[in-house]
Amino acid sequence: MHPCVVPGPASPIPRCTYAHAQALGWVRSRFQKHVACARKPGILPDHCQIIPKRDESSGQILLSSVHRALQRGMLGIAGLASVILLSGASPAHAVNKNQLLYLEAWKAVDRAYVDKTFNGQNWYKIRESLLQSESFGDREQAYAAIRKLLGTLGDPFTRHLGPDQYEALKRASSGQLSGIGVEVGLRSDPGSATSRAEVLSVVPGGPADRAGVAAGDTIMSIDGRETGGLSLYSIGALLQGETGSGVEAEVQTSRGRRVLSLQRERLVVTPVQYQACGGERGVAYLRIAAFNQQTGKQSGEALTKLAAGSPSLLVMDLRNNGGGVFAQGVAVAQQLLAEGTEVVLIADSEGVRERYEAEGGAMLDEKVPLIVLVNSRTASAAEVLAGAVQDSGRGRLAGARTFGKGVVQTLTPLSDGSALAVTVARYQTPAGRDINRVGIAPDVEADLDGVPDNAAGFCALARAGKLPGALLDGTSRGGGATPALAQLPR
């Protein structure tokens, strides 16, 4: 075996492009361009032979097999993720750009995924098996191979996003998108493994809201295509589109099935609503519908204004909040809790590795009682906030058990404009509870369907004196007692 060499004027080894060498993990940032292979301690093994040859006509790189030292740890994760071993094959193998994309995705998961057993399987063998069994003739076939690779993890939240899906997700996180104004989740039909699109929340004043669509409705089809069996991102792609374009949605409601012809609009999602309801009880209402990049800023402004009115009770509504940007859920919790109070624990397969605490002090007098409304569609970052409030004793939860998404994803862009959402950690509540697939049980179970999930509707009940007595029992202006919730209206 020849040691790795740096191609030079006297070297017979042709050079490959830096982009391909980097994608294959042969080079690091400190290498110069057009380095095919380098013999440097701790970077590449001393006993290997990598002889790249650029085939300009086909756009491919021909590689010889790498026979030894792969398990000695000197390549590091990036290197191991990119060495191609095709057992029983000929000495040289063509690797096209679609295979490189597949390897890039494999490497991203290998580096960051929370479960280092990779669902109890040999992650390297899975990579090689799919390289041999799958077709990589075009980009869609590469995507299919990546999805099959991720499917072996048994994790519905680690997934591949096509370029359009990735761009749509970035727009949604920023609070701007074009569509009909609904947030959807997947709900399984009773007695069936097929899941359909359930409306989690509706953008106030948007096309769907004006048409009477409400949380809990089911979107059966979009432009004639049934939603059963589609992924969330496929459903989102069907609902979103150019501003002014039309879309036909068949919606199942509690009153029957309706076919709606809607026109997409440019939507700016305002995640926070608030109002000082007034009335003799001094109730304040804070609605957080989603966690996008604007949520922490808007909730801080809301709490500042509500605190100025010296409320006797704050009701924070997290119903139908499917989560969003994890850091924004932490930010809102920090606005409500005393400095130094734990907000959330971040854990991986080896245990807790990071703790988030409240900083800067609460923005609302801690003597003001706090009630958080939750339901089965309260998920992810919203559960981070709910769990922090409950475990700290700052307030109580009322409603139904939450969804149970206790994992954190990061978005990893790929070189072709697509991306991976990779589960990088699990979170636990400050008391150490792992709520993934379990959810958080409220302090008081109650049917909240009769309580409006918007500031105007909720405060109308408050001003009319129609809020249930159980919601207010034990509160008094400045009294600091947490309400003794018995039940809420049905």
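Rings of Phe, Tyr and Trp (its six-membered ring) pair up if their centres lie within 6.5 Å; planes under 30 degrees apart count as stacked, over 60 as edge-to-face and the rest as tilted. This is a predicted model, where local features need pLDDT of at least 70, side-chain atom pairs count only at pLDDT 80 or more, and totals for chains, interfaces and linings use all residues. Residues are numbered from 1 along each chain as its sequence is written, and side-chain values use heavy atoms, with hydrogens and water left out.

**View 1. An aromatic cluster.** Trp-106, Tyr-113, Phe-118, Trp-123 and Tyr-124 make up one aromatic cluster. By the ring rule, there are 8 aromatic pairs. Tyr-113 and Phe-118 are a stacked one, at 6.1 Å centre to centre with 20° between the planes. Both of these residues, Tyr-113 and Phe-118, are buried (under 20% relative accessible area; exposed is over 50%, partly exposed in between; 1.4 Å probe, protein chains only).

**View 2. Phe-326 meets Tyr-356.** The ring centres of Phe-326 and Tyr-356 are 6.0 Å apart and the planes sit at 75°, so this pair is edge-to-face. Phe-326 counts as buried because its relative accessibility is 17%, while Tyr-356, at 27%, counts as partly exposed.

**View 3. Around Arg-377.** With 17% relative accessibility, Arg-377 counts as buried. Setting aside neighbours within four places in sequence, Arg-377 has contacts (heavy atoms within 4.5 Å) that include Glu-198, Ala-215 and Asn-320.
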